[in-house]
Protein chains: 2
Amino acid sequence: MDPRLPDGTSTGTESRILLESLRLFAHHGYPATSVRAIAAAVGVKAPSLYEHFPTKEHILARIVHIGHQALLASFERTIAGCGPDPVSQVRELVRTDVLVHVTYPLLAIVANDELHHLSPARAADVLALRERAEQIALDAGRRGAEQGVFDGTELVATTAAIASMGVRAPYWFIPTPAYGPAELADAYAELAIRMLRPSSPHRDGRGGG
Amino acid sequence: MDPRLPDGTSTGTESRILLESLRLFAHHGYPATSVRAIAAAVGVKAPSLYEHFPTKEHILARIVHIGHQALLASFERTIAGCGPDPVSQVRELVRTDVLVHVTYPLLAIVANDELHHLSPARAADVLALRERAEQIALDAGRRGAEQGVFDGTELVATTAAIASMGVRAPYWFIPTPAYGPAELADAYAELAIRMLRPSSPHRDGRGGG
DNA sequence: GTCTATAGTTCGATAGAC
DNA sequence: GTCTATCGAACTATAGAC
């Protein structure tokens with residue numbers, strides 16, 4: 001898998017360091033990736049890296065921050081770009097969530113799995129970004145519940161379940177020409193709506209719980 | 001969080017080594033956990049560990065194997081203990097999946113996150129267990145689709161989404177007296193059925209996709 | 001089955017030349 | 001901004017006494 005970062009994050013050698021670090025962190029994990037291995041992948045010697053980042057942890061911190069910032073920014077653009085209907089909002093938020101995760105799979109994996117290797121202060125900065133994104137999603141769910149288009153019970157568990165779907169996607173999804181990120185995003189958005197919509201006891205057959 | 005392993009896996013010092021390793025691997029990851037740290041947690045010196053396990057990797061291999069074996073065995077018991085109705089089967093499989101994951105949260109986290117630190121041969125043994133469990137779940141979904149009680153389209157994505165819900169549960173779920181593992185298992189089982197059941201285009205409002 | 005002592009390697013990071 | 005050389009610490013694992 002080829003490492004990828006959202007555009008405009010950095011340039012030149014610094015960008016190559018981030019990309020190779022992303023690839024190595026995703027494959028071996030942060031503690032198992034040596035500074036020497038990163039340098040070799042970039043094509044320089046280890047001390048040269050310290051001209052661009054003061055420590056190895058700063059490289060991870062940058063990557064993890066980019067990952068969480070990308071998701072939050074995408075959520076904010078999404079919610080700003082769709083109307084007040086909670087069903088549309090959830091559909092578009094789930095689509096965005098899936099697209100971000102499978103467009104930058106290694107970034108999503110590292111941002112989530114290696115976050116806890118950051119110092120508590122740096123991790124807290126990142127978790128604040130994550131909570132803002134979670135709030136956007138939860139708010140849409142709550143508005144839908146208030147309007148009666150969503151089942152108000154189990155909203156926390158359901159929101160967590162929907163988020164889990166997107167978080168796990170980079171671990172298994174391999175796009176093909178016939179079934180790419182857009183198809184998965186559409187499928188997951190539909191699943192999310194089914195999960196949130198009140199069961200209809202008046203339907204033929206059983207009505208669900 | 002207190003580390004926990006399914007009963008009957010080992011005894012005495014070996015068991016304490018596994019439990020403390022589980023706790024440390026979950027908190028810091030396998031590569032960042034030193035043999036000295038495990039020994040200190042157990043209350044012995046590092047060389048003593050080598051009387052019980054030939055290498056550090058063997059400790060991880062045992063833990064990862066226990067985790068996957070526990071899920072597979074639970075799936076086999078579950079499918080053997082419920083009737084031929086695919087809806088009941090999926091409901092019980094999801095309930096089992098959630099209960100196993102949140103009853104042994106650290107075990108589930110380490111078994112999934114640290115698997116790739118095993119040698120290819122040892123990882124392959126574990127992945128074989130995982131695939132047998134996945135087959136059990138996929139078979140139930142396929143039978144439901146054949147009988148028309150489940151939506152046959154998007155079965156792969158839907159199965160992956162349902163599995164994602166259970167895999168992620170240990171990372172966020174904190175049981176309370178009012179809402180414990182059984183409640184989450186019931187809620188997720190209901191979500192899974194909603195995801196799998198064909199949408200009813202004749203319902204009032206939109207019919208979905 | 002525990003210990004002390006240590007071999008042999010690799011680690012993150014720095015000094016200083018160019 | 002890259003290099004060579006290296007420091008001091010930490011690592012997994014072993015040897016051998018008890």
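Author: A salt bridge is a side-chain nitrogen of Lys or Arg within 4 Å of a carboxyl oxygen of Asp or Glu. In this predicted model, A:Arg91, A:Glu190, A:Arg194 and B:Asp151 are linked in a network of such bridges.

Reader: How many salt bridges are found over all chains?

Author: A search of the whole structure gives 19 salt bridges.

Reader: What makes the contact of B:Glu20 and B:Arg23 a salt bridge?

Author: The N to O distance between the side chains of B:Glu20 and B:Arg23 is 2.7 Å. The cut-off is 4 Å, so the pair of B:Glu20 and B:Arg23 qualifies with its 2.7 Å. Both belong to helix 1 (residues 12-28) of chain B, and because they are three residues apart there, about one helical turn separates them.

Reader: Why is B:Arg23 called partly exposed?

Author: The relative accessible area of B:Arg23 is 25%. Buried means under 20% and exposed over 50%, with partly exposed in between; B:Arg23, at 25%, therefore counts as partly exposed.

Reader: What do B:Glu190 and B:Arg91 form, and which parts does the pair tie together?

Author: B:Glu190 and B:Arg91 form a salt bridge, with their closest N and O atoms 3.1 Å apart. B:Glu190 lies in helix 9 (residues 181-196) of chain B and B:Arg91 in helix 5 (residues 86-103) of chain B, so the pair ties together parts that are 99 residues apart in sequence.

Reader: How do you know whether B:Glu190 and B:Arg91 are buried or exposed?

Author: B:Glu190 has a relative accessibility of 11%, and B:Arg91 has a relative accessible area of 18%. The limit for buried is under 20%, so B:Glu190 and B:Arg91 are both called buried.

Reader: What can be said of B:Glu92 and B:Arg95 in helix 5 of chain B?

Author: The side chains of B:Glu92 and B:Arg95 meet in a salt bridge at 3.7 Å, N to O, a value within the 4 Å cut-off. About one helical turn lies between them, because they are three residues apart in helix 5 of chain B. B:Glu92 is partly exposed at 30%, and B:Arg95 is partly exposed at 21%.

Reader: Why is B:Val156 called exposed?

Author: Its relative accessibility is 58%, and exposed means over 50%, so B:Val156 counts as exposed. B:Val156 lies in helix 8 (residues 155-172) of chain B. Together with A:Tyr171 and A:Trp172, B:Val156 makes a nonpolar surface patch of about 270 Å².

Reader: What makes the approach of A:Ser48 to DNA strand D a polar contact?

Author: A polar side-chain atom of A:Ser48 lies 2.8 Å from a phosphate oxygen of DNA strand D. A polar contact requires N or O atoms within 3.5 Å, so the pair made by A:Ser48 meets the limit at 2.8 Å.

Methods
Residues numbered from 1 in each chain as written. Chains lettered and ligands numbered in written order. Predicted model: local features only at pLDDT ≥ 70, side-chain atom pairs only at ≥ 80, totals over all residues. Heavy atoms only, no water. Patch = residues over 30% accessible without salt bridge, like charges linked within 9 Å, V, L, I, M, F, W, Y side chains within 5 Å. Areas by Shrake-Rupley, 256 points an atom, 1.4 Å probe, with all protein chains shown as cover. Helix = DSSP H or I, 4+ residues; strand = E, 2+ residues; numbered from the N terminus. Buried < 20%, exposed > 50% of the residue type's maximum accessible area, 1.4 Å probe, protein only. Polar contact = N/O pair within 3.5 Å; in protein donor to acceptor, adjacent residues only side chain to side chain.
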